[in-house]
Amino acid sequence: MSVCESTVLCFLLLFGLNQPLPYVTAGKILIWPGEFSHWLNVKVIIDELVARGHSVTIVTHSATPSVKTVQSPGYNVEIIQVPHTKQDIIDNMDRFMKYWIYDLQNDNMIQSFLKLRDILNLSAKHNHALCRGLFAREDLLEKWRKEPFDVLLTDPMNMCGELLALKLNLPFIISLRFSFGNAIERLCGQLPTPPSHVSAVGLGYTDQMDFPQRVKNMLFNLFQDCLFTFLTVMKWDPLYTELMGKPTTLCDVMGKADIWLIRTYWDFEYPRPFLPNFKFVGGLHCKPAKPLPKEMEDFVQSSGDDGIVVFSLGSMIKNLTKERANTIASALGQIPQKVLWRYTGEKPETLAPNTRLYDWIPQNDLLGHPKTKAFITHGGTNGIYEAIYHGVPMVGLPLFADQPDNINHMKTKGAAVMLDFNKMETNDLKQAVSDVINNPSYKESMMRLSRIHHDQPMKPLDQAVFWIEFVMRNKGAKHLRVEAHNLTWYQYHCLDVAAFLLSVIALVVFIFVKTCTWLFRKCFRKTPAKRKKE
């Protein structure tokens, strides 16, 4: 018995507790990860699971641009062969980002829908090929049936993980920031989303909406539900039915998730209703800063009292247009701070001596450095949470997907300035950086969010691992799933009850009217004697 275990045992005996602390040893976990930044979040969880003695098997594919397919001492990797290549996935993602960043604003709604549909259709085609390749591997499925896996962890960026769990009869956990317009959480997870105070993703509203905003919010939710149905459900339901050999829908399968690990927390979210099996693990990848490389530390120290600005548009943005790069470089050259810019594109002509370009930067360590004054970011969830963790105010240049929503959250909480990437001029960016650094309200607001983030009974990573082990210990967590999953849509909204009550009211009114009519005729009808007398 280790020293740590002995201490825990003594504590329990001392306080008269006869139940040991819950823990799981030598569990077996199946992982179906996403790509890009999604993989980084799951990788943090995997490393912690391995450190706790669990056996981890990762299921990925031959074209993955993110997952290391070499075997590791910590976990096993099973590779599904697919007909497309890594470059195909990267090219389609680049096409998606370039259209969203530069061209989306120039097209009308119909043009945008058609172009985005084409891009998403190709992604779905790649994902379909992965699903078919997985379920064609009967040898692998049979091997997994014989192995005593305890749980499956999946990211719906790549569909089919939840179907694999159903096929293997395993409890499963979903890890995500949010889906397309929160549609998966709302329609499949039965998450309550009152349009009166829960803003639809993409509108930029807070939890305080006036009447016109509530109207638009409700209509936008309906619009997103339609898009989700046409772009996702109609493509996946037939495939799920085919692979399972019986009628199966995407939402029915995803709704069977035991736990949903949501990669945010109340430092970021507006107050809203959640369900017992939705758990917050925002910032699980954050950690204390480590020392910087010597060359980088020397550059940081050369900033003196002015400090530094950290600038990154994420790992997926490899290049910018020449005009945008020069606009940004010119603005950065006019501030007194030194700037560390993660950028792999062509060197801007207006790059100033106070700005250095890096292919890669230790972002978390830089944000945790005492000389860091501000963070210029595209608004990815990982970067935002590192800024919250270390208390660094931001200038947001959102580019695509969830980034405008993320930055808008930080803006409304007083911790960021938000700029339009395509419309901002040199002076706009210069003024935004100066405001964030010199106006103490931004730093104070971010420090308040940082205190909220750190003031938790359990660290986010420990929280995530706890709930994974909770599902393992209890062979699932179905007792946390609401009964709404077993109700029809009209039962969920009590339309059948409303119809019954309206019918009763209509019947009562009908009887009352008929009774009154009869009494009226009875009391005031003229008898034959009266008519004769008259």
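**Figure 1. Domain layout of the chain.** The chain is divided into domain 1 (28-85 + 130-265 + 459-486) and domain 2 (294-454). Their C-alpha centres lie 31 Å apart. Domain 1 gives 15 residues to the contact and domain 2 gives eleven residues. The model is predicted. It holds 20 helices and 13 strands. Its C-alpha trace spans about 120 × 60 × 60 Å along the principal axes. Of the 534 residues, 50% count as buried. Among contacts with a separation of 6 or more, 65% join residues 24 or more positions apart.

**Figure 2. An open sheet of six parallel strands.** The strand order is E10-E9-E8-E11-E12-E13, and the pairing is parallel. Strand E10 (355-358) and strand E13 (416-418) stand at the edges. Each has a single partner strand, so one side of each is left without a neighbour in the sheet. On average, neighbouring strands are turned by 15° against each other, direction ignored. Strands of a sheet pair through backbone hydrogen bonds, either parallel or antiparallel.

**Figure 3. The pairing of E8 with E9.** Strand E8 covers residues 308-312 and strand E9 covers residues 338-342. The two pair in the parallel sense over five bridges. Val310 has its bridge partner in E9, at Leu340.

Figure 4. Helix H11 (residues 322-332) touches E8, E9, E10 and strand E11 (372-377). The direction of H11 makes about 155° with that of E9. Helix H15 (residues 426-438) also packs on the sheet. Its contacts are E8, E11, strand E12 (394-396) and E13. The direction of H15 makes about 150° with that of E12.

**Figure 5. The buried side of helix H10.** Helix H10 runs over residues 294-301, and its buried residues are Met296, Phe299 and Val300. These residues cover an arc of only 100° around the axis, which puts them on the same side of H10. What do the buried residues of H10 pack against? Their partners are E8, E9, E10 and helix H12 (363-367).

**Figure 6. The largest nonpolar core.** This core has 114 residues. Trp144, Leu320, Leu397 and Phe421 have the most contacts inside it. Domain 1 and domain 2 both give residues to this core, so it lies between them. In soluble globular proteins, nonpolar side chains tend to be buried together.

**Figure 7. The surroundings of Leu320.** Which residues does Leu320 touch, not counting those up to four places away in sequence? They are Tyr102, Leu313, Ala325, Ile328, Trp341, Tyr343 and Phe421. Leu320 and Phe421 are both listed among the residues with the most contacts inside the largest nonpolar core.

**Figure 8. Asp88 on helix H3.** Asp88 is placed in helix H3 (residues 86-103). Is Asp88 buried or partly exposed? Its relative accessibility is 33%, so Asp88 counts as partly exposed. Asp88 and Ala325 are 237 residues apart in sequence. In space, the C-alpha to C-alpha distance between Asp88 and Ala325 is 27 Å.

Definitions and conventions. Residues are numbered from 1 along each chain as its sequence is written. This is a predicted model: local features need pLDDT of at least 70, side-chain atom pairs count only at pLDDT 80 or more; totals for chains, interfaces and linings use all residues. Side-chain values use heavy atoms; hydrogens and water are left out. Two strands pair if DSSP finds at least two bridges between them. Helices (H or I, at least four residues) and strands (E, at least two) are DSSP runs, numbered from the N terminus. Axes are lines fitted to C-alpha atoms, for helices over the stretch in contact, and angles run from 0 to 180 degrees between N-to-C directions. Contact means heavy atoms within 4.5 Å. A nonpolar core is a set of buried Ala, Val, Leu, Ile, Met, Phe, Trp, Tyr and Cys residues joined through side-chain atoms within 4.5 Å. Buried means under 20% relative accessible area, exposed over 50%, partly exposed in between (1.4 Å probe, protein chains only). Domain bounds come from an automatic or database domain assignment. The arc is that of the directions from the helix axis to the C-beta atoms.
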